[in-house]
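The stops below are given in the order in which to select them.

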Amino acid sequence: MPRTPFQYRCLHRRSYRAAGMALALLLAACQRPAPLPPADGFDATASAHARRIEADVRFLADDLLEGREAGTRGFDLAALYVAQRLRAIGLRPAGDDGGYFQRVPLLRASREEGGGSLIVQRDTGTVELKFREQFLPQLDFDRTQSQVTAPAVFVGQAVHAPELDHDDFIGLDLRGKIAVLMHGAPKRFDTDRRAFYSSFREKFRALVERGAVGAVIVATQDEEKRQPWARGAQNWARPGMRLRGSDGRAIDTFPQLAVVANVSAASADAVLTAGGHSAAELFRDAREGTLHGFDLPGTITLSARNRIEQTQSRNVVALLPGTDAALKREHVVFSAHLDHLGIGAPVKGDAIYNGALDNALGVAIMLETAQQLALAKTPSKRSLLFVAVTAEEKGLLGAEWFARNPSVPRDSLVANINMDMPVMRVPTRDVVPIGVEHSSLQAVLDQAAAEVGVDLTPDPSPEESIFIRSDQYAFIRTGVPAVYLTGGMVARDAGVDARQQFRAFLADHYHQPDDDAEQPIQYADAARLAQLNARIGQLIADAPQQPRWNPGDFFGQRFGGLDAGKPDAEATPAASPSR
């Protein structure tokens, strides 16, 4: 082996000093190189709880798993890893056929290059929007190609809420027409109803009931400040998914809408500016909550073309049995989604969307929660289920499948504790429990937080309606009270703005390749959240009574049987506007 230049300098360097001490120091320097920094940022001072969480995150968010997209080999590797971690902790398999996995049948649809058109024809001329740059047709899981030409009607935000005396469809005839609409719900709505009516599941249902044959969803400038059109459009080729029924057809789609398309805010004038109205004015009306519908002149032609194929993914399901003779037949469900976005458009040369915070960290916290509960001195009275679900990023599909087809009796599910994207980039004093105010879980959270020594901070952005955008909503829609826990907003150190860190993550890293394990993830905070999760689960599992919806609660009335008959067990969530 040839010597390095440094070795030559050490061997042949001549000193004209006579001091023996200098020579000894020189020889020591040649023989003992300076110590290297810890590999992979290893923190020898971290607790065992924090190190376990970090180890899980570093594996699940590694490039080897290629972003863990549902239905891919990378996801299957992640599922196998989680199953074996649960086995090592001591939890029993609780999936299909006595194993840890529950099969989730799916359809995958993918757009074709240039596979769609949007043409506006009016007396003033014809405008054809550019595929990807200005519009994108939504994926169709019922047919590979379709086209529709029809008159169009602007329907505001497509909200019909009679209990709030609001009807965007009043005076409008949608039969045989294309509906043009915006996201969201009126700002005057309370947080719960605003979240519910913002769901595209509810919007599309309302359109179909009124006879619409297509839809165009126009983004606003305010929305694109948070989620720029170009960022989403660059991944136009990414596939979408829907649950697949035993007949091979998609579950919960709206085939009556021949084509649904999304249009950028910058291109809204082509669709909305007509008949004395302008896109700028309508954006303002949306901001102020004063939108009104009207007929649009001319016609719109929509077409779409995509591929459809059958595929399959799997949930990971494990059980920690309860000890009470009667209560062990009931189950508290911990959930966290294991999937992310997979491989997509390169950003700064990186095409792997690792999903460290979203949601490798959530799964790792759930695993640590399982570890703590499995080692608890006093085992819980009710049984505990731990479910790492698939296809959350495709529309809460894995959670929806499990909530409808649990591997235990459906009426035995008493509560859901969900973990999704805990943004922990600076040390904090608190956690944010989303949706806890809807049920008796509020008292449980208060007690657990006091015992663990962590503060509870209300949802800082209720207008984002995240209560309906993660897996707990699938359980809520089957009548199960739930809470969704995420990272804190109150920094531990003075001069640090935790909320700004959260906003910065959403703006710069959310659903981007650099959501990876190189971020400054606060594993001590993650370990504290796992401890809180475990205490919440223990309190629910040992309580004499099951959690209950609060009297008069909107979601309790809508899905939980409060003053409204049976739960709407067949309804499904709409985490994204895809059909």
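Select helix 4 and colour its buried residues: Gly74, Phe75, Ala78, Ala79, Val82, Ala83, Arg85, Leu86 and Ile89. This is a predicted model. An α-helix has 3.6 residues a turn, so residues three or four places apart point the same way. Now show what lies over the buried residues of helix 4: the cover includes helix 3 (48-60), strand 2 (101-122), strand 12 (294-320), helix 11 (356-374) and strand 16 (383-389).

With helix 4 still selected, check its length. Step just past the end of helix 4 to glycine 90, where phi is positive, about 110°.

Next, turn to the cavities. How many cavities of 30 Å³ or more does the structure hold? There are two. Go to the second largest cavity, with a volume of about 70 Å³. To display its lining, select Val423, Met424, Arg425, Val426, Thr428, Thr486, Gly487, Gly488, Met489, Ala498, Gln501 and Phe502. Sorted by class, this lining has six nonpolar, five polar and one charged residues. Which element gives the most to the lining? Helix 15 (residues 498-508) does, with three residues.

Stay on helix 15 and pick arginine 503, which is located in that helix. Arginine 503 counts as partly exposed because its relative accessibility is 43%. Its side chain makes a polar contact of 3.2 Å with the side chain of glutamine 500.

For the last stop, select asparagine 235, in the loop between helix 8 (229-233) and strand 10 (240-243). Is asparagine 235 buried or exposed? At 12% relative accessibility it is buried, because the cut-off for that class is under 20%. Leaving aside residues up to four places away in sequence, asparagine 235 touches Gly344, Ala345 and Tyr353. The C-alpha atoms of asparagine 235 and glycine 344 are 6.1 Å apart, although 109 residues separate the two along the chain. Finally, show the side chains of asparagine 235 and tyrosine 353, which are joined by a polar contact of 3.3 Å.

How values were computed: Residues are numbered from 1 along each chain as its sequence is written. This is a predicted model: local features need pLDDT of at least 70, side-chain atom pairs count only at pLDDT 80 or more; totals for chains, interfaces and linings use all residues. Side-chain values use heavy atoms; hydrogens and water are left out. Buried means under 20% relative accessible area, exposed over 50%, partly exposed in between (1.4 Å probe, protein chains only). Helices (H or I, at least four residues) and strands (E, at least two) are DSSP runs, numbered from the N terminus. Contact means heavy atoms within 4.5 Å. On a 1 Å grid over the protein atoms alone, a cavity is a set of points where a 1.4 Å probe fits but cannot get out, and a pocket is an open set with protein on both sides within 12 Å along at least five of seven lines; lining residues have an atom within 4 Å of a point. Grid points are joined across faces, edges and corners, and a volume is the space filled by probe spheres set on the points. Ala, Val, Leu, Ile, Met, Phe, Trp, Tyr, Cys and Pro count as nonpolar, Asp, Glu, Lys and Arg as charged, and the others, Gly among them, as polar. A polar contact is a pair of N or O atoms within 3.5 Å; within protein, one must be able to donate a hydrogen and the other to accept it, and residues adjacent in sequence count only if both atoms are side-chain atoms.
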